[in-house]
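Reader: I'm new to this structure and would like to learn how to read it. Could you walk me through it, step by step?

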Amino acid sequence: MFEIIKKYAEENSVPIIREKSAEFLFQQVESKKPKKILEIGTAIGYSGLLMLKACDGFLTTIEKDAERVKLAKENFSKYNFLQRVNIVCDDAQKVLEEYSTKGYKFDFIFLDGPKGQYIKYLPLTKLLLNQNGVLFVDNIYLHGLVKSIGPIAHKHRTMVVNLRKFLKTLQEDNDFSSNFYDIEDGIAISVLK
Ligand SMILES: C[S@@+](CC[C@H](N)C(=O)[O-])C[C@H]1O[C@@H](n2cnc3c(N)ncnc32)[C@H](O)[C@@H]1O
């Protein structure tokens, strides 16, 4: 599905969701049938297209890189999904704060932005979810580093420490029912009770 976009991403080093994780995301959206989806990290729209194809809901997707937003818009347009998407070009933290202040709610949130910020985004995503809403998080194990017991290279350390905090917080939060999957880079699915 959307092979041309996948190829473009590979050739231009745009990070997009990997194959098995993408299938899993598609299945989750297809079975939950969310009416309102929020994505943090649009890149060029690949995962957004998958989610829009999997259901008939509306997608709000946040991306801070203007060049990627432009390409994402072209890609949503190419597959006739532009009327079911709102692409917000801004910093995710700022947008999440604004949406939670305004009381916006979503049925499904795909968290795929800056990994070191997940711990800061978590309370905001919780506020933004409807009851029984799903938080789907990609890259929770960061190439195995999050589960490794050895020393972590300086350049990854903050990200790994923050991801470990994020996973612990999610696991211990009784308002969520969470499952963790060893698919590719690791996926968490948390349902708000
Ligand atoms: C892994 S990519 C998203 C891939 C996309 N979900 C897919 O699978 O097709 C993460 C994206 O988050 C964006 N990003 C990083 N920091 C951000 C921030 N603070 N606010 C919004 N977007 C951010 C990056 O520019 C990048 O395009």
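Author: Gladly! Keep in mind that this is a predicted model.

Reader: Is Ala92 buried or exposed, and how do I tell?

Author: The idea is to count the C-beta atoms around a residue: with 20 or more others within 10 Å, a residue is buried. Ala92 has 22 other C-beta atoms within 10 Å, so Ala92 is buried.

Reader: Which residues is Ala92 in contact with, leaving aside its neighbours within four places in sequence?

Author: Those contacts are with Ile40, Ile62, Gly113 and Tyr121. Let's follow one of them, Ile40, into the sheet: Ile40 stands opposite Leu111 in strand 4.

Reader: How are strands held side by side in a sheet?

Author: Backbone hydrogen bonds pair the strands of a sheet, in either a parallel or an antiparallel way. Here, strand 1 (residues 36–40) and strand 4 (residues 106–111) run parallel and are joined by four bridges.

Reader: In what order do the seven strands form the sheet?

Author: The order is 3-2-1-4-5-7-6, in an open sheet with mixed pairing. Strand 3 (85–89) and strand 6 (176–181) stand at the edges; each has a single partner strand, so one side of each lacks a neighbour in the sheet. On average, neighbouring strands here are turned by 15° against each other, direction ignored.

Reader: Which strands does helix 3 lie across?

Author: Helix 3 (residues 46–54) lies across strand 1, strand 2 (58–63), strand 3 and strand 4, and runs at about 170° to strand 2. Helix 6 (residues 118–128) also packs on the sheet, where it touches strand 1, strand 4, strand 5 (129–138) and strand 7 (187–192). The direction of helix 6 makes about 170° with that of strand 4.

Reader: How do I read the crossing of helix 5 and helix 6?

Author: Look at the distance and the angle between the two axes. For helix 5 and helix 6, the axes come within 9 Å and cross at roughly 30°. That makes the two helices roughly parallel, and their crossing is left-handed.

Reader: Which residues make that contact?

Author: Helix 5 contributes Ala92, Gln93, Leu96, Glu97, Tyr99 and Ser100, while helix 6 brings Lys120, Tyr121, Leu124, Thr125, Leu127 and Leu128. By class, seven residues of this contact are nonpolar, three are polar and two are charged.

Technical notes. Residues numbered from 1 in each chain as written. Predicted model: local features only at pLDDT ≥ 70, side-chain atom pairs only at ≥ 80, totals over all residues. Buried ≥ 20, exposed ≤ 12 C-beta atoms within 10 Å, placed from the backbone. Contact = placed C-beta atoms within 7 Å. Pairing = 2+ DSSP bridges. Axes fitted to C-alpha atoms, helices over the stretch in contact; angles between N-to-C directions. Parallel < 35°, antiparallel > 145°, perpendicular 65-115°, else oblique. Left-handed = near helix turned anticlockwise from the far one by under 90°. Nonpolar A, V, L, I, M, F, W, Y, C, P; charged D, E, K, R; others polar.
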